[in-house]
Amino acid sequence: MMAARLGRALALLPLLAVGACSTTDMLNALTPDAAYTRHADVPYGQGHRARLDIYAPREPACAGKAPVVVFFYGGTWHSGERADYAFVAAALARRGILTVIPDYRLYPEVTYPAFLRDSALAVAWTLRDIAGYQGDPSRVFVMGHSAGGYNAAMLALDPRWLDEAGASRAQLRGWIGLAGPYDFFPIENPAARPVFHHPHYPPGSLPIDHVSAGAPPVFLGVDSDDRLVDPQRNSARLGNRLRTAGVAVQYREYGNLSHTLLIGAFASPLRWLSTVSQDVADFVLARAGCAS
């Protein structure tokens, strides 16, 4: 059985490296779900995409209450479904962390900043209501991969979005960005250009524009050879500016992965590729003040 699972995991590597759409289904199917209870299709606002799934750990890390991660997936703001990323929640549930995965509206239905407003409403809902699911509203983090890393960064760095949603970035214990675009104008990716009204970029629409001493602590993870989102231009530069402003930064470079495998390595059959899921969980538990 173990050899068969390893064989299937190895077969997934070339597919995940190019982002095959069926790969997340396979990763979820191969990832055990015994560590969490799933509460699906919970509304956080109005509209067909204003829904989220909650993955509550069976053994919360913090004395009966779990620290909480709100995870935003990537997809160039064009694609993505919350159910595709159960494997991320499963990795965090193993360490006693509750995960909230919301959907948000995508292009061409919306452009910037509508998806940030959706993301902020999902976080505001979490801060207000997650205690009913054994989550600790005083230990909430935002996290994202790729385009979702941008969403998480903007909520953590630019106070406008959570303020507008009736919450505050001061309520966040920290944030996690994995291979996120934080300083990417002028946009090279043709798919992302209309999302940000290229070439007429809205003022203040980059995370790096909002560095301040009031930002929450951050974990920034990258694949050192990422060909899609330049890790030095984006994550390393943002991390340096945040450190200069006095913000606590953990920056990790991982080799022998890819832009997509950085999040794929959270899945049980691929976890041997990298320590990224362990490092993220360690960051959350340390900042939450919980024993692992």
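A residue is called buried here when its relative accessible area is under 20%, exposed when it is over 50%, and partly exposed in between, using a 1.4 Å probe and protein chains only. By that rule Arg 82, at 14% relative accessibility, is buried.

The structure is a predicted model, in which local features need pLDDT of at least 70, side-chain atom pairs count only at pLDDT 80 or more, and totals for chains, interfaces and linings use all residues. Residues are numbered from 1 along each chain as its sequence is written, and side-chain values use heavy atoms, with hydrogens and water left out.

An unreviewed UniProt entry lists residues 52-237 as "domain: BD-FAE-like"; UniProt positions follow the numbering used here, feature names are shortened, and annotations may be inferred rather than shown by experiment. Over residues 52-237 the chain is 25% helix and 23% strand, with 32 Å between the end C-alpha atoms. Helices (H or I, at least four residues) and strands (E, at least two) are DSSP runs, numbered from the N terminus.

Charged side chains come next. A salt bridge is a side-chain nitrogen of Lys or Arg within 4 Å of a carboxyl oxygen of Asp or Glu, and the count by this rule is 14. One of them joins Asp 41 and Arg 82, at 2.9 Å from N to O. Asp 41 belongs to strand β1 (residues 36-43) and Arg 82 to the loop between β3 (66-72) and α3 (86-93), so the pair ties together parts 41 residues apart in sequence. Asp 41 is partly exposed, with a relative accessible area of 46%. Both residues also belong to a network of salt bridges that links Arg 38, Asp 41, Arg 49, Arg 51, Asp 53, Glu 81, Arg 82 and Asp 103.

A further salt bridge pairs Arg 105 with Asp 118 at 2.8 Å, N to O. Arg 105 lies in the loop between β4 (98-102) and α4 (114-129) and Asp 118 in helix α4, so this pair ties together parts 13 residues apart in sequence. Arg 105 is partly exposed at 28% relative accessibility, while Asp 118 is buried at 8%.

The nonpolar side chains remain. A nonpolar core is a set of buried Ala, Val, Leu, Ile, Met, Phe, Trp, Tyr and Cys residues joined through side-chain atoms within 4.5 Å. The largest such core has 105 residues, and among the members that touch the most others are Trp 77, Phe 115 and Phe 196. Helix α4 supplies the largest share of this core, nine residues.
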